[in-house]
2 protein chains.
Amino acid sequence: MSSPVAEVKFLSGVKIVDFTQFEAGPSCTEALAWLGADVVKIENPKMGDPGRRLRPGKPDDDPYYFHVFNANKRSMTVNLKSPAGLNLVKDMLRHADVCIENFAPGAIERLGLGYDVVRELNPGIIYAQVKGFGEGSPYERNLAFDMIAQACGGTFSVTGEADGPPTRPGISLGDTGTGMLMAITILGALYKRRETGEGHRLQVAMQDAIMHYMRINFATQGRTGKAAERGGSKVPGVRNAPMGLYPCAPGGPNDYIYIMTSRANPEHWDRLLKLMGREDLIGDAKYATPDDRLEREEEVDAIIASWTRKHTKHDAMRAVGDAGIPAGAVLDTMELESDATFEQRGIMQVMRHPIHRDFKMPGWPVRIDGKPPALKSSPVLGEHTDAVLSEWLGLNAQAVAALKTDGAL
Amino acid sequence: MSSPVAEVKFLSGVKIVDFTQFEAGPSCTEALAWLGADVVKIENPKMGDPGRRLRPGKPDDDPYYFHVFNANKRSMTVNLKSPAGLNLVKDMLRHADVCIENFAPGAIERLGLGYDVVRELNPGIIYAQVKGFGEGSPYERNLAFDMIAQACGGTFSVTGEADGPPTRPGISLGDTGTGMLMAITILGALYKRRETGEGHRLQVAMQDAIMHYMRINFATQGRTGKAAERGGSKVPGVRNAPMGLYPCAPGGPNDYIYIMTSRANPEHWDRLLKLMGREDLIGDAKYATPDDRLEREEEVDAIIASWTRKHTKHDAMRAVGDAGIPAGAVLDTMELESDATFEQRGIMQVMRHPIHRDFKMPGWPVRIDGKPPALKSSPVLGEHTDAVLSEWLGLNAQAVAALKTDGAL
């Protein structure tokens with residue numbers, strides 16, 4: 001059988017000097033790496049990206065965090081505090097197409113690599129920065145992590161039970177969500193640059209980026225005139241029944257199915273009744289229209305749940321789906337990892353790492369001519385220092401050795 | 001004062017034939033439109049994109065949903081069921097750089113515009129498709145909406161209280177999250193195409209795309225060997241205290257602040273105690289280390305909450321942030337809309353529409369040389385039919401009138 005994945009070379013030849021750490025920046029450069037860019041992580045020789053070691057003082061005991069955001073990249077170590085190290089990076093920036101960082105506010109300038117400096121070295125460079133809050137925001141000097149950006153960007157306010165507290169969505173949208181918007185903008189700038197050779201400065205703030213993902217909630221507010229609300233697993237603003245999460249056998253923490261009938265498809269309700277052995281209710285005036293069912297939403301939900309409780313979520317998803325009604329089982333990470341069809345389709349791939357054990361993870365999910373990009377291992381700290389210095393700057397082994405002796409690498 | 005936004009021309013000259021509807025496809029083409037592409041929505045002359053009218057049979061009473069995903073685009077009406085209409089679209093596809101659709105599985109082929117047909121017309125075209133489930137998945141024929149993709153992609157399983165049911169994150173990540181990954185891939189293909197002229201077929205499934213945003217949860221599973229869990233507003237796998245959501249004055253549904261001390265910064269705890277007037281506890285062995293505090297997490301949370309309850313979330317965010325500890329107020333859509341600094345920075349912009357009332361919404365949040373792209377109105381149905389036919393195909397007014405008489409437009 002042929003491989004379900006392929007090497008993608010859309011961005012081959014694009015050189016990226018990557019100062020990013022943790023997730024918001026690394027998720028951006030990883031997207032570019034999957035499409036074929038040469039992403040070189042510039043890492044501190046002592047510890048590297050702090051995302052390699054999330055527990056201070058501990059050895060590299062959580063490599064998975066690093067793996068998932070740094071596949072397909074190369075790593076070189078540079079001591080940016082040494083004059084020789086700084087000069088070396090400046091030489092690399094002269095050859096780069098893109099430079100990107102997500103340090104705390106002011107840090108890249110203190111290193112002597114602010115936009116004004118780098119633009120002088122290379123007027124055609126695309127210089128990208130990710131921060132927590134935007135320049136000009138009252139909080140522009142504040143640090144932000146994913147949870148902070150999500151709280152301040154609105155996602156907490158629309159997640160959770162209607163009568164409960166705001167709740168954190170369990171995904172790191174403040175980080176990866178921001179990284180994706182920056183990747184799009186970098187690619188737009190690269191496209192134009194093929195014509196003009198012009199460089200640009202790109203800046204995004206995590207709080208601002210979160211609002212992009214909140215537009216449906218802003219649209220609801222536009223219609224109702226009130227702040228968008230949370231509604232458990234119902235969707236506030238979409239008034240329909242049945243719609244929501246229903247419990248399945250055998251009753252485990254994720255044994256639920258989402259069933260969503262559509263107001264535009266009144267036949268959904270009759271089909272559900274038939275599937276669930278409740279033909280007696282077909283045509284019953286109490287439940288005839290979506291508005292009738294909304295008025296009796298608790299009864300309607302009980303009718304559905306008394307059927308779903310007798311089926312596993314997989315059986316229920318198959319049966320409801322086959323009846324032509326949108327339905328989805330709630331799947332957890334273990335169930336997704338264990339489902340071999342994702343690996344067969346190249347959506348999940350196994351990272352073979354020179355040091356750590358094999359690790360199956362989601363790769364880039366877009367198929368290109370039928371195949372997603374092939375996953376390559378995240379780099380060992382400094383694994384590509386020599387190769388990058390040779391390929392980018394033409395330095396030979398002797399020159400590299402001298403830089404090491406100098407403490408520059 | 002100069003405008004905080006600017007017209008962006010990164011993708012000027014890129015022609016996109018856009019068959020998409022609702023959100024997953026439109027969010028993708030809108031990102032390209034914000035960067036300057038000529039995105040032409042091909043719409044059914046009767047009703048247009050169903051996202052214009054989310055309530056069947058009702059007039060256009062929820063334009064905001066359409067606005068937020070269709071800014072900066074043009075609209076032309078074409079009757080794809082008429083031979084002349086179909087031919088017209090084929091002529092447009094001969095001139096296009098990108099074609100994109102997110103119809104139900106099989107629909108674009110039934111229209112006679114499947115990849116095999118379009119590639120014949122234009123071998124250099126980038127042909128992009130968004131579906132609910134991937135080709136080769138057991139559910140490849142199933143319909144999916146955002147909630148279904150999120151349930152099946154894992155986000156429900158990691159959102160909600162630890163002892164409660166899985167919960168829907170309140171943002172439409174299944175739609176817009178997928179749209180962003182497709183936009184990145186289209187841009188990669190466009191970049192390469194400047195060199196090779198080669199077309200490509202791109203396909204993404206919403207279930208698969210959601211897993212991209214779940215990578216941090218897969219990383220946690222890699223370390224623990226167990227399915228990633230939900231933990232309310234705590235982050236399972238990040239063991240630290242204090243960390244989480246704390247209630248603020250005056251006690252409204254979104255009057256909370258997220259406070260996050262870092263294990264890597266032991267001084268955060270002492271600083272918090274000082275700020276909160278609990279210097280008496282500085283150095284207290286009961287709370288000395290992160291592990292001590294985790295063991296007494298309820299006590300620690302009570303200490304923090306007794307202070308936060310006396311302050312508004314804004315005052316608390318300012319004070320905790322000034323003390324150097326990451327903190328973020330939970331903001332709702334109304335609070336974000338009302339904060340004038342977003343509009344001053346060009347992050348929120350007002351859509352001036354020829355028919356509907358002014359609407360303030362988040363634009364593209366990335367600044368390019370200091371300014372985000374300027375927002376233009378979403379199109380009225382068919383607003384640009386004549387202009388597009390003239391610009392793309394050189395048709396004069398007489399030819400367009402004849403097509404209208406024929407029922408092709």
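Predicted model: local features only at pLDDT ≥ 70, side-chain atom pairs only at ≥ 80, totals over all residues.
Reader: Hi! What mean pLDDT does chain A have?
Author: The mean pLDDT of chain A is 95, and 99% of its residues reach 70 or more.

Reader: Nice. And what ipTM and pTM does the predictor give the complex?
Author: The complex gets an ipTM of 0.97 along with a pTM of 0.98.

Reader: Which strands of chain A and chain B pair?
Author: Strand β6 of chain A (residues 200-205) pairs with strand β12 of chain B (residues 367-368). The pairing is antiparallel and runs over two bridges. In one of the bridges, A:Gln203 is partnered with B:Arg367.

Reader: Changing topic: which residues touch the most other members in the largest nonpolar core?
Author: The core has 242 residues, and the ones touching the most other members are A:Ile186, A:Ile257, B:Ile186 and B:Ile257.

Reader: What does A:Ile257 touch?
Author: Leaving out residues up to four places away in sequence, A:Ile257 touches a set that includes A:Tyr246, A:Cys248, A:Met317 and A:Val330. A:Lys313 and A:Thr308 are also among them.

Reader: Now the backbone. Where in chain A is there a cis peptide bond?
Author: One joins A:Ala241 and A:Pro242, with omega about -5°. A:Pro242 sits in the loop between α9 (215-224) and β7 (243-247) of chain A. Another cis bond joins A:Ala249 and A:Pro250, with omega about 0°. A:Pro250 belongs to the loop between β7 and β8 (256-260) of chain A.

Reader: And what is phi of A:Phe22?
Author: Phi of A:Phe22 is near 60°, a positive value in a residue other than glycine. A:Phe22 lies in the loop between β1 (15-18) and α1 (24-34) of chain A.

Reader: Why does A:Phe22 count as partly exposed?
Author: Because A:Phe22 has 19 other C-beta atoms within 10 Å, and a residue needs 20 or more to be buried and 12 or fewer to be exposed.

Reader: What about B:Phe22?
Author: B:Phe22 has a positive phi of about 60°, and B:Phe22 is found in the loop between β1 and α1 of chain B. With 19 C-beta neighbours inside 10 Å, B:Phe22 counts as partly exposed.

Technical notes
Residues numbered from 1 in each chain as written. Chains lettered and ligands numbered in written order. pLDDT = per-residue confidence, 0-100. Core = buried A, V, L, I, M, F, W, Y, C linked by C-beta atoms within 7 Å. Contact = placed C-beta atoms within 7 Å. Helix = DSSP H or I, 4+ residues; strand = E, 2+ residues; numbered from the N terminus. Pairing = 2+ DSSP bridges.
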